[in-house]
Amino acid sequence: METIKVNIKHAFNRVSERDIEALLPEVLEAKRHLLEGDAAGNDFLGWVNLPEEIDKQELARLKADVARLAEKSRLLVVIGIGGSYLGARMVIEALQSEFASMVRDNQPYIVYAGHTLGEDYYNQLLELLDREDYSVCVISKSGTTTEPAVAFRIVKAHLEKKYGKKAASERIVAITDARRGALHDIAQQEGYPAYVIPDNVGGRFSVLTPVGLFPIAMAGYNIDRLLQGARDMRSICHGNNTLEENPALMYAAVRNALYRKGTKVEMLVSCQPNLRYLAEWWKQLYGESEGKSHKGLLPHSLSITTDLHSMGQYVQDGERLMMETMLRVRRPNTTVAVPTDEKNLDGINYLTCKSLTEINDCAAEGTIQAHVDGGVPVVELSVDKIDEYTIGQLIYFFEFACGVSGYTLGVNPFDQPGVEAYKRNMFHLLGKPGF
Ligand code: PA5
């Protein structure tokens with residue numbers, strides 16, 4: 001089985017192999033907490049066995065709802081914020097054409113709402129929805145989050161005006177708590193098909209529940225392969241107790257070793273633009289899980305080579321705060337070679353017949369060398385290629401490593417008390433009763 005490989009040799013400019021190996025007892029203890037559920041946050045460990053325990057009947061019902069809605073929709077509006085949309089968006093954007101909105105016509109195109117309160121965004125969305133047949137997937141675990149609630153009210157009113165109340169209700173799917181919350185009550189009263197986010201799965205760990213699976217399947221991707229990748233990575237993460245054999249333990253150990261040597265920022269570096277939402281999902285996963293008690297690496301991201309022309313200077317020469325985690329993809333899904341040009345006026349004939357992957361790989365190698373020389377440790381993660389299976393592996397790998405890393409850091413990786421502060425102030429300013 002192809003798996004994720006972690007190469008730490010470019011991190012030795014800040015930590016030694018011994019520093020990393022010395023963390024083995026701590027990461028093993030953290031792993032034990034995840035498997036035995038005997039530490040803080042143990043009521044949010046449902047994701048640990050999710051790929052194995054997925055309810056087959058619910059999966060079949062989900063696929064049937066996807067088929068029913070896909071037939072009559074050119075667009076699916078996914079309404080959700082944070083963990084309620086980033087996982088699905090990460091998978092869809094990694095797999096679809098960068099120009100999907102222009103070139104796809106046999107599968108619904110996914111648009112997003114509820115992740116912003118930008119007024120122009122909603123006017124532009126409504127203009128689009130005037131023109132296209134669409135359905136709605138509204139996602140909120142609590143069922144009470146303001147941004148998706150506002151978006152759902154706006155989009156639902158549009159949908160009901162466009163199709164009538166009954167036909168509109170046949171175009172809505174709700175994903176929420178099994179028993180509580182305003183969205184749960186609306187779905188019950190209006191008779192929308194509903195799917196449950198398990199109580200013991202937090203938002204940022206929910207991509208392998210209907211939260212991610214429904215939109216991903218609507219976009220036409222194979223959720224069985226995604227789940228298989230996650231299952232296989234789960235076996236690797238649960239079954240191996242050495243850093244060499246367990247990539248999640250190695251990644252958790254090296255980032256904690258670097259943190260203890262004064263590293264403050266971790267930049268997830270990807271070499272292709274379709275992985276930018278993988279970085280957004282990863283930022284939420286690690287930022288919300290570890291950023292507490294005034295601790296934790298600040299997650300940031302870079303895209304090679306795009307950002308080398310903006311952030312490259314800082315990374316090379318600015319404050320020595322950061323490490324990089326570079327995600328390498330060994331095989332591209334398609335190739336494009338540089339054509340020959342007899343006149344060679346642009347002077348790039350030395351690249352003739354090279355594929356863009358060969359050029360990009362040289363850019364990545366050159367970047368690693370330059371950044372390491374400049375004092376930035378680089379951890380390389382590599383996967384064979386980008387498809388549903390490897391993304392499933394990446395999801396489980398990053399989730400498991402996050403749990404291990406958070407416990408090793410000494411925080412509860414599964415709460416997010418800091419997220420409430422802005423809400424209290426906003427509710428007060430908006431005059432919400434009780435605030
Ligand atoms: O990870 C989390 O818990 C958060 O990012 C939530 O997913 C986000 O706040 C949305 O919450 P809800 O799904 O309850 O609307």
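**Labels and the values behind them**

Q: Why is S355 called buried?
A: S355 has a relative accessible area of 14%. Buried means under 20%, so S355 in this predicted model counts as buried.

Q: Where does S355 lie, and what is S355 in contact with, leaving aside its neighbours within four places in sequence?
A: S355 lies in the loop between β9 (322-329) and α16 (356-373). Leaving aside neighbours within four places in sequence, S355 is in contact with V336 and A337.

Q: Why does P332 count as partly exposed?
A: P332 has 35% relative accessibility. P332 lies in the loop between β9 and α16. Its C-alpha atom is separated by 12 Å from that of S382, and the two residues are 50 residues apart along the chain.

Q: What makes V103 exposed?
A: The relative accessible area of V103 is 53%. Exposed means over 50%, so V103 has this label. V103 is placed in helix α6 (residues 100-103).

Q: Which residues form a nonpolar patch on the surface with V103?
A: F99 and M102 form the patch with V103, and together the three have about 390 Å² of accessible area.

Q: Why does G41 count as buried?
A: G41 has 9% relative accessibility. This is under 20%, so G41 counts as buried. G41 lies in the loop between α2 (24-36) and α3 (50-53).

Q: How do you know that G41 and F414 are apart in sequence, and what is their separation in space?
A: G41 and F414 are 373 residues apart in sequence, while their C-alpha atoms are 5.2 Å apart in space. Not counting residues up to four places away in sequence, G41 touches F414, and also Y407 and N412.

Q: What makes R74 and E132 a salt bridge?
A: Their side chains meet at 3.5 Å, N to O. The cut-off is within 4 Å, so the pair is a salt bridge. The pair links distant parts of the chain, 58 residues apart: R74 is in the loop between α4 (56-72) and β2 (75-79), and E132 is in the loop between α7 (119-131) and β4 (134-140).

Q: Why is the pair E160 and K165 called a salt bridge?
A: The side chains of E160 and K165 meet at 3.3 Å, N to O. That is within 4 Å, so the name applies. K165 has 48% relative accessibility, which is under the 50% limit for exposed, so K165 counts as partly exposed.

Q: Which residues have the most contacts inside the largest nonpolar core?
A: W47, F214, W281 and F398 have the most contacts inside this core, which has 97 residues. Helix α17 (residues 388-409) gives the most to this core, with 11 residues. The core draws at least three residues from each of domain 1 (5-40 + 225-418) and domain 2 (50-223).

Q: How many residues of domain 1 are in contact with domain 2?
A: 31 residues of domain 1 are in contact with 25 residues of domain 2. The centres of the two domains, taken over C-alpha atoms, are separated by 29 Å.

Key. Residues are numbered from 1 along each chain as its sequence is written. This is a predicted model: local features need pLDDT of at least 70, side-chain atom pairs count only at pLDDT 80 or more; totals for chains, interfaces and linings use all residues. Side-chain values use heavy atoms; hydrogens and water are left out. A nonpolar core is a set of buried Ala, Val, Leu, Ile, Met, Phe, Trp, Tyr and Cys residues joined through side-chain atoms within 4.5 Å. Buried means under 20% relative accessible area, exposed over 50%, partly exposed in between (1.4 Å probe, protein chains only). Helices (H or I, at least four residues) and strands (E, at least two) are DSSP runs, numbered from the N terminus. Domain bounds come from an automatic or database domain assignment. Contact means heavy atoms within 4.5 Å. Patches are made of residues with over 30% relative accessible area and no salt bridge: like charges are joined within 9 Å, nonpolar side chains (Val, Leu, Ile, Met, Phe, Trp, Tyr) within 5 Å. Accessible areas come from the Shrake-Rupley method with a 1.4 Å probe; for residues, only the protein chains shown count as cover.
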